[in-house]
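This report describes the fold of one protein chain and then turns to selected residues. Please keep the sequence and the structure in view while reading.

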Amino acid sequence: MMSNMETVEVVGRHCRLLRPERDHEGRTRFGEQPTILRQVRNLDRCMYLVQFGDGATTFLFPDEVTIE
């Protein structure tokens with residue numbers, strides 16, 4: 001089970017994409033450092049909701065990013 005402390009540690013931090021990813025609007029992203037808005041658990045998997053500089057969002061798995 002995820003504690004509030006784990007969530008607070010990543011929310012608001014920037015991350016670096018480890019490979020190209022698509023946002024919800026279908027644009028491929030890579031050289032950007034999105035901000036983590038929320039950490040969620042769904043079907044027993046941890047995911048991050050991230051927001052890019054232009055406001056677009058997408059969900060990423062922890063193995064797809066490096067938190068800075």
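A residue is called buried under 20% relative accessible area, exposed over 50% and partly exposed in between, with a 1.4 Å probe and protein chains only. The model is predicted: local features need pLDDT of at least 70, side-chain atom pairs count only at pLDDT 80 or more, and totals for chains, interfaces and linings use all residues. Residues are numbered from 1 along each chain as its sequence is written, and side-chain values use heavy atoms, without hydrogens and water.

The protein chain contains one helix and seven strands, taken as DSSP runs numbered from the N terminus (helices: H or I, at least four residues; strands: E, at least two). Their order from the N terminus is α-β-β-β-β-β-β-β. Of the 68 residues in the chain, 31% are buried. Among contacts (heavy atoms within 4.5 Å) with a separation of 6 or more, 43% join residues 24 or more positions apart.

The loop between β4 (35-42) and β5 (45-51) holds Leu43, and Asp44 lies in the loop between β4 and β5 as well. Most residues other than glycine have a negative phi. The table gives the values for these two residues.

| Residue | Phi | Relative accessibility |
|---|---|---|
| Leu43 | about 55 degrees | 70%, exposed |
| Asp44 | about 65 degrees | 67%, exposed |

Elsewhere, the charged end of Arg29 sits over the ring of Phe52, 4.4 Å from the ring centre. This term requires NZ of Lys or CZ of Arg within 6 Å of the ring centre and within 35 degrees of the ring normal.
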